[in-house]
Amino acid sequence: MRRRELLQCAVLTPMLPWLPRLANGTEEPAATLLARKSLVLVELNGGNDGLNTVVPFVDPEYSRLRPKLAIQRNQVLKLDEHLGLHPALEPLMPAWQDAELAWVLGVGYAQPNRSHFRSIDIWETASDSEQVLHQGWVARSLPVPQQKQAALPDVVVLGGDDGPLQGGTLQVISLQKPESFTREAARLETAQASDRTPDALAHILAVRQAVSQAGIEFQHYLDNTLKQDTLDFPKTALGQQLHQVARMLLAGMNIPVFKVRIGSFDTHNNQQSRHRQLLTQLAESLAVFRQTLRKAGLWNDVLIMSYSEFGRRAAENASQGTDHGTAAPHFILGGRVKGGLFGEQPSLHQLEKGDLRHTVDYRQLYTTVAQRWWNTEVDWQQRFPALDFI
């Protein structure tokens, strides 16, 4: 029986929203990393406007292309003599000044696709534009030791789906709060499969057992270290997602990957206020997350990286918004990050059909994470070498 059919059978269990993805029919969840080191993926859902995030404020072509949407020069938070940040990102400036924030410029890929669904699939599977892969880039990159450490999952998803993580042997759990997960896990009725148990049922029983064990492990940490929660995170969706990530890290949960999401950045109209609001939420949430982990002495153990399906077009449209584009900057944040600007800002004078030409392939970010954060090799590293931001 195929994995998809098995998961359809698993809809009978009450744990479907938190169901670990046990790929290829395996009944044994993958082990977590032995070293305490976590990657936090931040999905900028909808396609973030890169030109109004990292602003080429000295280029007159920027103002000409965006007579209404251009960020005024006196409002830009200067990164150097040519580029600066949207003023809503001011809470991230301390990280920039401490060289813990890197911006990779002009990130994209050849023959870009402007469909939300297809382009995010490309980003999440590390594929070429015309290539269809069914395994996420994290599932292909994250090293798993042979000896199992605990019942904790390899990945916790708090926002969006598990696109970068699917198709491998990783144990992936989606949740909103650890307490909700432990309550639901405790309600599961578990049973052991026998030699006569059909394969489909045996798989479901294995999934239930894995969820139950993960729930017990989560409860252990909750009982011992999370009795009082005094963390003051923003009440926004992203703020609360990062709040839960921080709680799990502070509790000592050794979980290699977390995924959160903010959006939608699909600003076809009235972009100015919506974009400012989203960037404010992003910056404020990340700033509190950074301060919390720095205070706890955990900041060097965490790497935060953004991704999005595409940027926006260089010129504003008639609805005071921007349409689907191509290349855009992405940020890397963490205690071991080499802060600064990486890559080359795409030229506004050499557009391709009104779009920015990418100067850094997005898979170079993944190569860097794999080689310098996880100490592993990936199948695309020869074509797309690592950068120097870690």
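Predicted model: local features only at pLDDT ≥ 70, side-chain atom pairs only at ≥ 80, totals over all residues.

Trainee: In strand 4, which residue is the bridge partner of Val 55?

Mentor: Strand 2 and strand 4 (residues 84-85) run antiparallel and are joined by two bridges. Val 55 has its partner in strand 4. That partner is Gly 84.

Trainee: Now strand 1. How many of its eight residues are buried?

Mentor: Strand 1 covers residues 38-45 and is mostly covered. Buried means under 20% relative accessible area. In strand 1, the number of residues that count as buried is seven.

Trainee: Which residue in strand 9 stands opposite Glu 43?

Mentor: Strand 1 runs parallel to strand 9 (residues 302-307), with six bridges joining them. Glu 43 faces a residue of strand 9. That residue is Tyr 307.

Trainee: And which residue is the bridge partner of Leu 44 in strand 8?

Mentor: Strand 1 also pairs with strand 8 (residues 257-263). The sense is parallel, over seven bridges. For Leu 44, the partner in strand 8 is Ile 262.

Trainee: On to the rings. How many aromatic pairs does the structure hold, and what kind of pair do Phe 342 and Phe 389 make?

Mentor: The structure holds seven aromatic pairs. The ring centres of Phe 342 and Phe 389 are 6.2 Å apart, with their planes at 80 degrees. Planes over 60 degrees apart count as edge-to-face. So Phe 342 and Phe 389 are edge-to-face.

Trainee: How many residues apart are Phe 342 and Phe 389 in the chain?

Mentor: Phe 342 belongs to strand 11 (residues 340-342). Phe 389 lies in the segment after helix 10 (363-373). The pair thus links distant parts of the chain, and the residues are 47 apart.

Trainee: Is Phe 389 buried or exposed?

Mentor: The cut-off for buried is under 20%. Phe 342, at 15% relative accessibility, counts as buried. Phe 389 is at 0%, so Phe 389 is buried.

Trainee: What kind of pair do Tyr 362 and Tyr 366 form?

Mentor: Both tyrosines, Tyr 362 and Tyr 366, are buried. Their ring centres are 5.5 Å apart. Their planes meet at 85 degrees, so the pair is edge-to-face.

Trainee: Which ring does the charged end of Lys 37 sit over?

Mentor: A charge must be within 6 Å of the ring centre to qualify, and within 35 degrees of the ring normal. The charged end of Lys 37 is 4.9 Å from the centre. The ring belongs to Trp 373.

Trainee: Last, helix 8. What length does helix 8 reach from its first C-alpha to its last?

Mentor: Helix 8 (residues 237-250) has 14 residues. At 1.5 Å a residue, the expected value is 20 Å. The model comes close to that, with a reach of 20 Å.

Trainee: Why is helix 8 described as largely enclosed?

Mentor: Count its buried residues, including Leu 238, His 243 and Met 248. Helix 8 is largely enclosed by the rest of the structure because the buried count, out of 14 residues, is 11.

How values were computed. Residues numbered from 1 in each chain as written. Heavy atoms only, no water. Buried < 20%, exposed > 50% of the residue type's maximum accessible area, 1.4 Å probe, protein only. Helix = DSSP H or I, 4+ residues; strand = E, 2+ residues; numbered from the N terminus. Pairing = 2+ DSSP bridges. Phe/Tyr/Trp six-rings, centres within 6.5 Å; stacked < 30°, edge-to-face > 60°. Expected span 1.5 Å × (residues − 1).
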